[in-house]
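Good morning, and thank you for making time for this presentation. Please have the sequence and the structure open, as I shall refer to both throughout.

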Amino acid sequence: MGAQDTIECVTGAAAKTSGISPTFLGLLGAEPLASLTVLDVGTGWGRLALELAPRCHGIVGIDREPSLIDDARRRAVAAGIANAEFVVADAEVGEYRIFMPSMVVAHLCMSDAIVERAGRALAPGQAFGFVAFEAEQWRETGRRSRFAYDETRARAVLDANGFAVEHLEVERETQRYDSLEAALAAVVGLEDRWRSDGRWFRYIKYLEEGGRTLTRSHLIVMARRR
């Protein structure tokens, strides 16, 4: 997978400052976690996996960044969590079946390839829950992420891979800033990524024209294998 094909995952420093939606946690908590082996796709430093681990039979977090997996392992040890395993693996390569999951989750790391692999790994009745960038994510940059999902696209790819949608909603927040400096400070951790794909220059133009907002918009989904 080349650089331009990279899934837009929130990991590293960016993930450490972002929370997990209470709505999403509530949906996952309604599942019989104590009897489930959960696969956390694009786990990063393990934020979601370590949140769920105390309630699960077991959880495996996968991420292709070795440094993040090392961080997740250290955090698990420090927290005394023994039922969480972290593995270096690309979410879009290979099959999830080798981890024998009875539930698949993904937090801000989503692509059609992930849905396809979840569909092949899960048995009828088993759940797939995820939070993805929604179409309005970072709309001020003037460029929609090709990994963003609107309701129509999400329902279509899930249906094509054998899932019935049980819950789908958008959580959106538009932050307003009092100054140019504050608006720039809010995206300082994204500058390198945005420069590589042209978003940075569009966002700077938006700010120069007087814009002072940044939109974060996420799609929260719970689906079940038919």
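Predicted model: local features only at pLDDT ≥ 70, side-chain atom pairs only at ≥ 80, totals over all residues.

Which residues of helix 9 are buried? In helix 9, which covers residues 199–208, the buried residues are Arg199, Trp200, Tyr203 and Leu207. Viewed down the axis of the helix, these residues fall within an arc of 95°, so they line one face of helix 9. On the other side of the helix, Phe201 and Glu208 are exposed. The cover over the buried residues includes helix 7 (180–185), helix 8 (191–197) and strand 7 (213–225). Helix 9 is followed by Gly210, and the phi of that glycine is positive, near 105°.

I turn now to the nonpolar interior. As a general matter, nonpolar side chains in soluble globular proteins tend to be buried together. The largest nonpolar core here has 40 residues. Which of its residues touch the most other members? They are Leu28, Val38, Leu48, Leu52, Phe86, Met103 and Trp194. Several elements give two or more residues to this core, including helix 2 (22–29), helix 3 (47–52), helix 4 (66–78) and strand 3 (84–88). Strand 4 (103–107), strand 5 (127–133), helix 9 and strand 7 are also among those elements. Let me take Leu28 as an example. Leaving aside residues up to four places away in sequence, Leu28 touches Leu33, Leu48, Leu52, Met103, Val105 and Met222. Apart from this core lies another, of 29 residues, and its members include Leu39, Ile62, Cys109 and Ala223.

The next topic is the aromatic residues. How many aromatic pairs does the structure hold? The count is 6 aromatic pairs. One of them is formed by Phe128 and Phe163; it is tilted, with 5.4 Å centre to centre and 40° between the planes. Phe128 lies in strand 5 and Phe163 in strand 6 (residues 163–176), so this pair ties together parts that are 35 residues apart in sequence.

Trp138 deserves a comment on its backbone. It has a positive phi of about 55° although it is not a glycine. Where is Trp138 placed? It is in the loop between strand 5 and helix 6 (151–160). Its relative accessible area is 5%, and the cut-off for buried is under 20%, so Trp138 counts as buried.

Met100 is another residue other than glycine with a positive phi, in this case near 50°. Its place is in the loop between strand 3 and strand 4. Is Met100 buried or exposed? At 66% relative accessibility, Met100 counts as exposed.

I come next to charges over rings. Which ring does the charged end of Arg75 sit over? It sits over the ring of Trp45, 3.9 Å from the ring centre. Arg75 is in helix 4, and it is partly exposed, with a relative accessible area of 29%. In a second case, Arg153 lies over the face of Tyr149, at 3.9 Å from the ring centre.

Finally, the cysteines. How many disulfides are there? The count comes to 0 disulfides. Cys56 is in no disulfide, and the nearest cysteine sulfur, that of Cys109, is 18 Å away. Cys56 counts as buried, at 8% relative accessibility.

Terms used:
Residues numbered from 1 in each chain as written. Heavy atoms only, no water. Buried < 20%, exposed > 50% of the residue type's maximum accessible area, 1.4 Å probe, protein only. Helix = DSSP H or I, 4+ residues; strand = E, 2+ residues; numbered from the N terminus. Arc of directions from axis to C-beta. Contact = heavy atoms within 4.5 Å. Disulfide = S-S within 2.5 Å. Core = buried A, V, L, I, M, F, W, Y, C linked by side-chain atoms within 4.5 Å. Phe/Tyr/Trp six-rings, centres within 6.5 Å; stacked < 30°, edge-to-face > 60°. Lys NZ or Arg CZ within 6 Å of the ring centre and 35° of its normal.
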